[in-house]
Amino acid sequence: MSNLLAAATVAAEGANNPLLPHTSELVVGGIAFAIVLFFGLRFIPKIQKTLAERTEAIEGGLNKAEEAQKQAQAALASYQAQLAEARQEASRQREKAKEEGAVIAAQIKEEAQAEARRIVEQAHAQIEADRQQALASLRAEIGTLSVDLAGRVIGESLEDSARQSRVVDRFLEELEGRAGRQEQITS
Amino acid sequence: MSDILAAEGKEFHAPGMELFDWGPLFPGGPEWLTWLTKPVLIVALAVAVTAVFLVMAFRRPQLVPRGAQNVGEAAYVFVRDQMARPALGKDAERFMPFLFTTFLFILFMNYAGVIPVLQLPAPSHIAFAIVPAAVVYVMMLVLGIKHQGLGGYFKGVLFPPGLPKGIYVILTPIELISTFVLRPFTHAVRLFANMFAGHILLAFFATVGYWFLIEKLTPAGFGVGVLGFLMTIVMTGFELFIQSLQAFIFTVLTASYIAGSLHAEH
């Protein structure tokens, strides 16, 4: 193994011309180059194929991603359009409902007012009627009572209705006059 | 081991041509094994490393790379984009198996120059530079004739169109010599000479360091020894760069020669 670590064991014989190739080394070099080329030509096409496939795969992936993005954008646009339409529709409905509500409210209010007025008027009329009735019956009764009383007091029969009525009216007028005076005094 | 360092005993001798004379690996071995020298062993190792690298990286390539495939791909893409494509363009892929293998093989043979124990770049023996250069030369001729026809190829190189008639008197002999005679020679010698000179340079500084620091340690020689030692380290880094660069240049030239054969130069 001495010729592994140091050269020049043949230095004494004189150095070879370094520009002249050794035949044995040409043969060895040729075989060596043939061997590496065998491996190279066998295995390098594989990586070339893989690199080409990778390029294709990446390109395909990019195209697919682009497609997907386009689809997503289209979907988004359509959803947004639908949403806007729905919002518009909703606001339209709301507006309509508000208007209708106002109309209904006004109607109800008017009806209620009319009803209230009617009830009040009815009540007034009823009261007036009752009063008139009460007044009439009171007047008749007072008249009868007064006549009975007066007849009994003065013993005079006042059968004649005309006279009777005249007497009563006079009496009542006196009464009203008295009441009027009294009111004037009290007030 | 110390033959070259103290062959004469007392005096310092700079290493010379004997650095490249390697006898049989087994001096007392049989006659049929005399071809097995250290440079041959280094070439065999370079073959093994190249083959193992190719097999490990590219045997079962995955679409999503892992481990060795990542390294292999990075190297492949580097060679393709930096060396093959500038010269060959869209033809680069077709010649990448050859170019990448050549690059790796030469690179590993060169790196043997700085790997401890090996420490000899195989192409510092010119035969190992001649072989790939010769293959490239033959490829260049065959591809040129195949793609442009026998007459077309030589006419395209020797008589490039669009020049004044008189120029051809000078140009044609120059093209003939430079393309068909000097080209393979320079292609091989550029690689060989760089590795050869680099090895001598490294051996020189290493010998200086060893001689002045260990063999003959003297106060006067100490500084020289330290300088030799430091320069050995610096030059080892420099050689690593040169070795990579030469593999790169060899491959770039190969690509450009092939490109010249595929299409007539305009």
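Colleague: How many residues of chain A are in contact with how many residues of chain B?

Modeller: 40 residues of chain A are in contact with 49 residues of chain B. Two residues are in contact if their C-beta atoms, placed from the backbone, lie within 7 Å. This is a predicted model, where local features need pLDDT of at least 70, side-chain atom pairs count only at pLDDT 80 or more, and totals for chains, interfaces and linings use all residues. Residues are numbered from 1 along each chain as its sequence is written, while chains are lettered from A and ligands numbered from 1 in the order in which they are written.

Colleague: Which element of chain A gives the most to the side that touches chain B?

Modeller: Helix 2 of chain A, with 24 residues. Helix 1 (2-5) of chain A also gives two or more. Helices (H or I, at least four residues) and strands (E, at least two) are DSSP runs, numbered from the N terminus.

Colleague: And what is that side made of, by class?

Modeller: It has 25 nonpolar, 11 polar and 4 charged residues. Ala, Val, Leu, Ile, Met, Phe, Trp, Tyr, Cys and Pro count as nonpolar, Asp, Glu, Lys and Arg as charged, and the others, Gly among them, as polar.

Colleague: What ipTM does the predictor give the complex?

Modeller: The ipTM is 0.90, and the pTM is 0.72.

Colleague: Switching to chain B. How many helices and strands does it have?

Modeller: 7 helices and 0 strands. The C-alpha atoms of chain B fill a box of roughly 70 × 55 × 45 Å along the principal axes. Of its 266 residues, 38% are buried. A residue is buried if 20 or more other C-beta atoms lie within 10 Å of its own, exposed if 12 or fewer, and partly exposed in between; C-beta atoms are placed from the backbone.

Colleague: Which residues have the most contacts inside the largest nonpolar core?

Modeller: V43(B), A46(B), A84(B), L99(B) and M109(B), in a core of 61 residues. A nonpolar core is a set of buried Ala, Val, Leu, Ile, Met, Phe, Trp, Tyr and Cys residues joined through C-beta atoms within 7 Å. Helix 3 of chain B supplies the largest share of this core, 14 residues.

Colleague: Is helix 3 of chain B mostly covered or exposed?

Modeller: Mostly covered: 18 of its 20 residues are buried. Helix 3 of chain B also bends by about 35° at F98(B). That bend is the angle between axes fitted to the seven residues ending there and the seven starting there.

Colleague: What does L99(B) contact, leaving aside neighbours within four places in sequence?

Modeller: V79(B), M83(B), A84(B), T251(B), T254(B) and A255(B).

Colleague: Where is V117(B)?

Modeller: V117(B) sits in the loop between helix 3 and helix 4 of chain B. It has a positive phi of about 80° although it is not a glycine. Most residues other than glycine have a negative phi. Q119(B), in the loop between helix 3 and helix 4 of chain B, has a positive phi of about 40°.

Colleague: Why does V117(B) count as exposed?

Modeller: Because it has 9 C-beta neighbours inside 10 Å. Q119(B) has 17 other C-beta atoms within 10 Å, so it is partly exposed.

Colleague: Where is confidence highest in chain B?

Modeller: In helix 3 of chain B, at a mean pLDDT of 96. pLDDT is the predictor's confidence in each residue, from 0 to 100. Over residues 1-8 of chain B the pLDDT is below 50.
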